[in-house]
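Please keep the structure in view while going through them.

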Amino acid sequence: MKRILFLSALCISMSASAQKTSTVTIHETQGKNVIPKEIYGQFAEHLGTCIYGGLWVGPESSIPNTNGYRNDVLGALKDLRVPVLRWPGGCFADTYHWRDGIGPRENRPTMMNSNWGDTKEDNSFGTHEFLNLCEMIGCEPYVSMNVGSGTVQETAEWVEYMTAENGPMAELRKKNGRQNPWKVKYIGVGNESWGCGGNMRPEYYSDLYRRYATYCHNWSGNRLYKVGSGASDYDYNWTEVLMKNVGTQMNGLSLHYYTCIGWNGSKGAATKFNADNYYWALGKCLGVEEVLKKHIEIMDKYDPQKRVDLLVDEWGTWWDEEPGTHPGHLFQQNTLRDAFVASLSLDVFHRYTDRVKMTNIAQIVNVLQSMILTKDNKMVLTPTYYVFKMYNVHMDATYLPTEVNAEERQVMNERGGERTFKMLDATASRSADGTINVSLSNVDLDNSNTVTVNFEQPLGKNATAQIITSKRIDDHNTFEHPNVVKMEEFKDFKVKGNTLTVKMPAKSIITVSVK
Ligand code: AHR
């Protein structure tokens, strides 16, 4: 009896931490598409404490700031090399009237943020504050226009205010302290126009898009890149109608895809979940690949030359709000599970960069799957922040086709079907200086994995690696314990000839750079 008990205990402990093996093949001589840096875009909405408290505290605040922007957050965002920032929403954008957010702050009118908790919005963060922030952190602005409750004239004048050198709007801007126009490339013509952006039918929105976009003028050498408000998830009809009716009058068409347990009732707790919830969420996140393929197929039908880009301008995890936080402010914690949702999603986006040219994770600070959490004068970087930091070697690098041979897992999907995914995911790129970057995600909660990465040619001798992992999958960083999950140097790998061997712990994300 004792022997049986001993053997079964041994089996459990073996299955609880077995050593798996997988292989990855990288075709480094076949790389052709560049991974645009905009795949690593961010999104900041007037929602909860994303803007107020998160990015902006005002120049009078006792929280250390530069002209009103928090110094700690500014520093962290500069380190992240944010390429593009979408603003002011989201749903908020279709209730926003830009003239309320210019001129002396004490004279700006207030409004109620009806989408997000009926919070008072004092407009102290407006066009100047946003565009100056983009200049400070060195990113492109992406401004969402109000098509839902605004007017064509208001939209046309906003573009003129931001980008014209001369004329009445430029004079108004100069009076408000900004002499030179800003450079604004990306403008969104509405947001979720099928929902919070006006509950429109795609046929009606197509006509509105054509009308609004007509009056968004290229002033003073600034060239606009106009984005049509696209579908969410499986709404392929929206894409079909827009491509048919608007087609190449858009530079880009957006797509929104969130990872949550469901839209009715609970979306799932951010920090309290079990292994099944974890794997289910990974399946949902990876479902984005099928969704991308289907939207791209429709786009290919109307635009085989790929002149219209697909922009996943909202994506990420959407869990239940943290208990005790303001309802409607979408403040959620961020665990190692969120880090995997980030790495796996980015791996998928890398594969479709012939059509997908930008993505914007929702959202940058204090909302949904954020990079940063703040509370008064405290700041923590989330596990997702570290994935973005680790992965930024892939920005503007050439994507290298990659095949993964690894154990698979099956989970249910939200429509009663099944999804299958690999327990190891991989992506690779070559930077301009010839460095090859390989990112590996061992999503297995229990088993380590010795990964053999085979290349076509011998590798260089200089290699470095970083790892993100933690004891528990629900580990996260709090204001009291800010360094539970972080990025660290990793040494358990070997380069020999054409082969890289990486000994990955269970639930770990590793990037190796070889030159
Ligand atoms: O990111 C939060 C919200 O999600 C956005 O405001 C909206 O566009 C989407 O539904």
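1. Histidine 128 is in contact (heavy atoms within 4.5 Å) with Tyr69, Ile102, Tyr161, Arg173, Asn176, Arg178 and Trp182, leaving aside its neighbours within four places in sequence. With one of these, tyrosine 161, the side chain of histidine 128 forms a polar contact of 2.6 Å. A polar contact is a pair of N or O atoms within 3.5 Å; within protein, one must be able to donate a hydrogen and the other to accept it, and residues adjacent in sequence count only if both atoms are side-chain atoms. Histidine 128 belongs to helix H3, residues 127-137. Helices (H or I, at least four residues) and strands (E, at least two) are DSSP runs, numbered from the N terminus. Histidine 128 counts as buried because its relative accessible area is 8%; buried means under 20%, exposed over 50% and partly exposed in between, with a 1.4 Å probe and protein chains only.

2. On the source: this is a predicted model, in which local features need pLDDT of at least 70, side-chain atom pairs count only at pLDDT 80 or more, and totals for chains, interfaces and linings use all residues. Residues are numbered from 1 along each chain as its sequence is written, and side-chain values use heavy atoms, with hydrogens and water left out.

3. Histidine 350 is found in helix H10, residues 336-351, and is buried, with a relative accessible area of 0%. Its side chain makes a polar contact of 2.7 Å with the side chain of tyrosine 40. Not counting residues up to four places away in sequence, histidine 350 touches Ile35, Ile39, Tyr40, Tyr391, His394, Tyr399 and Thr427.

4. Which residues are closest to the ligand? They are Glu45, Cys91, Glu192, Tyr258 and Glu314, among 13 residues that surround the ligand, each with a heavy atom within 4 Å of it. An oxygen atom of the ligand is 2.7 Å from an N or O atom in the side chain of glutamate 45. For glutamate 314, the distance from a ligand oxygen atom to a side-chain N or O atom is also given as 2.7 Å. The protein buries 94% of the 280 Å² that the ligand exposes when taken alone, with areas from the Shrake-Rupley method and a 1.4 Å probe.

5. Most residues other than glycine have a negative phi, and most peptide bonds are trans. Another cis bond links alanine 362 to glutamine 363, with omega about -10°. Glutamine 363 lies in the loop between strand E13 (356-362) and strand E14 (372-375).

6. Asparagine 67 has a positive phi of about 50° and sits in the loop between strand E3 (65-66) and strand E4 (69-70). Asparagine 123 has a positive phi near 60° and is placed in the loop between strand E7 (119-121) and H3. Are these residues buried or exposed? Asparagine 67 counts as exposed, at 56% relative accessibility, whereas asparagine 123 is buried, at 0%.
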